[in-house]
Amino acid sequence: MDTNAIEIRGLCKRYKDFSLENLNLDLPYGCVLGLVGENGAGKSTTIRLIMDALERDGGTVSVLGADNQSKEFLNLKEDVGVVLDETFVPEVINAKQLGKIMAGTYRNWDQETYDGWLRKFQLPLDKKFKDYSRGMTMKLGIAAALSHHARLLLLDEATGGLDPMIREELLEVFADFASEDGHAVLLSSHIVSDLERICDYIAFLHKGKLVLCEEKDVLLDRYGILKCTKEQLMNIPAEAIHGKRVGTYGVEALVEREYMPRDAVVDRASLEDIILYIVKEER
């Protein structure tokens, strides 16, 4: 088996008012990759390109060891569970009817597994989809994605707009899935705290460009928040500073720890701190 569930090289997609440019990304098996960025950064576009639901303008995408434009990938699509921000389920059907539709769509559909997820998520069998809440909608999509023996989950804003208890439940499900042999998860979100909790790798998209892609723990070890005076900051190497906030009484800066003097007090930076400082610096 290849080491990566997804390999992206030089991926490009150009629109009139937006471009995804030269995206390079790997998702190893056994891992959760968090794809983070503001609305319009290119997260949904990337997921659709991975599934070959959009025509790309350049680059290559390998999914589960196959080029995603090859005949081989058509047979592998059943091994990919997809949950999009907008769930395309007819409003008049219910969970029981969706199971019958999926059984006729997927060779590997597992009705027993699907019924188990419906019970776990406490989803009603006969309630029409149009009467579902946002949380119920996402749970139903995830139940379906987990019920055809997928090896890869692609989740687009699957926790967005949900209350903390439901998000907690779903994050545990995603982490458990990725821990199984030969599995992997790509989770796009703008809720950075969710990604920090369960992701092994973080990829940060900003205006269609990949700003960083790194192991989460490496990122958290590399960066910290330095609180000092403006004069003290001038003694820090410029290449170690990745954004700053200047206030009346001093400066807070995102810095690389290895460049700091021994007497510098550097606080822990959260993943959200790192991303916000870098975005502010780029602006």
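The following legends describe close-up views of a predicted model.

**View 1. The second largest pocket and its centre.** The space in the second largest pocket amounts to about 230 Å³. Its lining consists of 14 residues. Those nearest the centre of the pocket are Trp117, Leu146, Val173, Phe177 and Glu180.

**View 2. Helices in the lining of the second largest pocket.** Among the 14 lining residues of the second largest pocket, two or more come from helix H4 (111-120), and two or more from helix H6 (164-179). H6 gives the largest share of this lining, with five residues.

**View 3. Residue classes in the lining of the second largest pocket.** Six residues of the lining are nonpolar and five are charged. The lining also has three polar residues.

**View 4. Strand S11 and its burial.** Strand S11 spans residues 223-228 and is mostly covered. Of its six residues, five are buried.

**View 5. Pairing of S11 with S13.** Strand S13 covers residues 251-256 and runs antiparallel to S11. Six bridges link the two strands. In one of these contacts, Lys227 has Glu252 of S13 as its bridge partner.

**View 6. Pairing of S11 with S14.** Strand S14, made up of residues 266-268, also pairs with S11 in the antiparallel sense. The pairing between S11 and S14 has three bridges. Leu226 is bridged to Val266 in S14.

Terms used: Residues are numbered from 1 along each chain as its sequence is written. This is a predicted model: local features need pLDDT of at least 70, side-chain atom pairs count only at pLDDT 80 or more; totals for chains, interfaces and linings use all residues. Side-chain values use heavy atoms; hydrogens and water are left out. On a 1 Å grid over the protein atoms alone, a cavity is a set of points where a 1.4 Å probe fits but cannot get out, and a pocket is an open set with protein on both sides within 12 Å along at least five of seven lines; lining residues have an atom within 4 Å of a point. Grid points are joined across faces, edges and corners, and a volume is the space filled by probe spheres set on the points. Helices (H or I, at least four residues) and strands (E, at least two) are DSSP runs, numbered from the N terminus. Ala, Val, Leu, Ile, Met, Phe, Trp, Tyr, Cys and Pro count as nonpolar, Asp, Glu, Lys and Arg as charged, and the others, Gly among them, as polar. Buried means under 20% relative accessible area, exposed over 50%, partly exposed in between (1.4 Å probe, protein chains only). Two strands pair if DSSP finds at least two bridges between them.
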